[in-house]
Amino acid sequence: MSWWEGRPDEIYWMEITDRADLGVDLKAPQTYDNGRPYWSYTLVTQVQPGDVVLHYYKPDKAVVALSVAAGLPWEEDIVWASHGAVARAAGVEPYRRPGFRLALEHFTYLRDPIDLEQFRAGEAQLRAAAAEVEALGRGRSYFPFALSEKRPVRPQQGYLVKVPRRLIDLFPDLGQAVGEVMGDLSGRATPSGMIDVGDDYRWADETAASSERDPFAVDPALVERGIRGHARTQNALATWLRARGIEPRSPKPAEPYFDLAWRQGGTTYVAEVKSVTSANEEKQLRLGLGQVLRYRHLLHQDESGTTEAVLVTEREPSDPSWVDLADAVGVTLVWPGAFERLRAS
């Protein structure tokens, strides 16, 4: 029995990573390089819908953001390379292997990141929190920080760790950040009249991989964010926009889960990206059209502006009637090499 079972307020986790696409998902291999299960990877399967994930970003040595778990974990292949000393010494390169994935939503950067020096200054509080968990006598604590008499406080060596609620309470800045975001989520209304749409753009991970699966076993919008073609196409559009002085945006906590949006003049554009193959083109375009129409409705503007929907496919649809259908319902359909269609929309 895990120490947090039966304790409904213990909903906190921490991802320790240097990945560039923070907040897209949690992902880890099912085993270590030697084929044995590794506790820090397996913990991904313990995260529940609505749990809060803190993101400790290694390059900044700080908790820089948080997300909320969306749905339940699932199994599928991922591309991964271990970052441990043994793997680095052996020159292990990323390779495809069975993995665990869990979709995240409501990614939010902290206004004031909680850096490692702050945790080190609160070492006594960290030890108190760790002691409380250990006193429960329910096995391993999976504590987020390594505590020793010989070395300064440092993040645990692992990918995902369990954060006790006590730790959130002991660090006021962290508790305030979590409280602000969760308060915003619990009290948000259906978005309307939004003029300043989105947050800073978060680049999608183009090394990601996704296996074929039932698109309705998990929200298809969340699953597809882990597909390589989707990531390349999304980043290609973001690059195209920036080259024209337009800043792409990613969704804020209170907004629908679009892929990217941007403002141009008095118009907000909201885009849904779809990876397509010859086998799934019809299904993907049907899904994408419905999603982007919904996003356009939720991001309805007041009288000072309008909202336009954009459906972005990985390649030109083989059936040209999709362009006509999109035009008929007020959606601009584009793909790499045809982004200039946005200028005429």
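## Basis of the values

The model is predicted: local features need pLDDT of at least 70, side-chain atom pairs count only at pLDDT 80 or more, and totals for chains, interfaces and linings use all residues. Residues are numbered from 1 along each chain as its sequence is written, and side-chain values use heavy atoms, with hydrogens and water left out.

Arginine 120 and glutamate 117 both belong to helix H3 (residues 116–121), where they are three residues apart, about one turn of the helix. Helices (H or I, at least four residues) and strands (E, at least two) are DSSP runs, numbered from the N terminus. An α-helix has 3.6 residues a turn, so residues three or four places apart point the same way.

The side chains of arginine 120 and glutamate 117 form a salt bridge, at 3.3 Å from N to O. The term requires a side-chain nitrogen of Lys or Arg within 4 Å of a carboxyl oxygen of Asp or Glu. Arginine 120 is partly exposed at 28% relative accessibility, whereas glutamate 117 is exposed at 51%. Here buried means under 20% relative accessible area, exposed over 50%, and partly exposed in between (1.4 Å probe, protein chains only).

## Salt bridges between separate elements

By the rule above, the count comes to 19 salt bridges. One of them joins arginine 232 to glutamate 314, with the closest N and O atoms 3.7 Å apart. Arginine 232 lies in helix H8 (residues 228–243) and glutamate 314 in the loop between strand S14 (306–313) and helix H10 (321–328), so this pair ties together parts that are 82 residues apart in sequence. Both partners are partly exposed: arginine 232 has 40% relative accessibility and glutamate 314 has 26%.

Arginine 315 pairs with glutamate 281, the closest N and O atoms being 3.0 Å apart. Arginine 315 is in the loop between S14 and H10, and glutamate 281 is in helix H9 (residues 281–298), so the pair ties together parts that are 34 residues apart in sequence. Arginine 315 is partly exposed at 29% relative accessibility, while glutamate 281 is buried at 6%. Elsewhere, Glu15, Arg19, Asp21, Asp25, Glu76 and Arg101 are linked in a network of salt bridges.

## Helix H8

Buried residues of H8 include His230, Thr233, Asn235 and Trp240. Glycine 245, which follows H8, has a positive phi near 75°.

## Two buried positions

Threonine 313 is in strand S14 and is buried, with a relative accessible area of 0%. The side chain of threonine 313 reaches the backbone oxygen of arginine 315 at 2.8 Å. Leaving out residues up to four places away in sequence, threonine 313 touches Thr233, Lys274, Val276, Leu285, Leu333, Val334, Trp335 and Pro336. Contact means heavy atoms within 4.5 Å.

Valine 197 is in the loop between helix H6 (172–187) and strand S10 (199–200), and it is buried at 1% relative accessible area. With the same exclusion of residues up to four places away, valine 197 touches residues including Arg249, Phe258, Ala261 and Leu299. Valine 197 and valine 270 are 73 residues apart in sequence, with their C-alpha atoms 9.2 Å apart in space.

## Aromatic pairs

The whole structure holds 15 aromatic pairs. Rings of Phe, Tyr and Trp (its six-membered ring) pair if their centres lie within 6.5 Å; planes under 30 degrees apart count as stacked, over 60 as edge-to-face and the rest as tilted. The rings of tryptophan 80 and tyrosine 159 have centres 5.5 Å apart and planes at 85°, so this pair is edge-to-face. The pair links distant parts of the chain, 79 residues apart: tryptophan 80 is in strand S5 (residues 74–80) and tyrosine 159 in the loop between strand S8 (154–155) and strand S9 (160–163). Both tryptophan 80 and tyrosine 159 are buried.

For phenylalanine 119 and phenylalanine 145, the ring centres are 4.6 Å apart and the planes at 40°, so the pair is tilted. Phenylalanine 119 lies in helix H3 and phenylalanine 145 in strand S7 (residues 145–146), 26 residues apart. Both phenylalanine 119 and phenylalanine 145 are buried. One aromatic cluster includes Trp3, Trp13, Tyr38, Trp80 and Tyr159.

Terms used. Polar contact = N/O pair within 3.5 Å; in protein donor to acceptor, adjacent residues only side chain to side chain.
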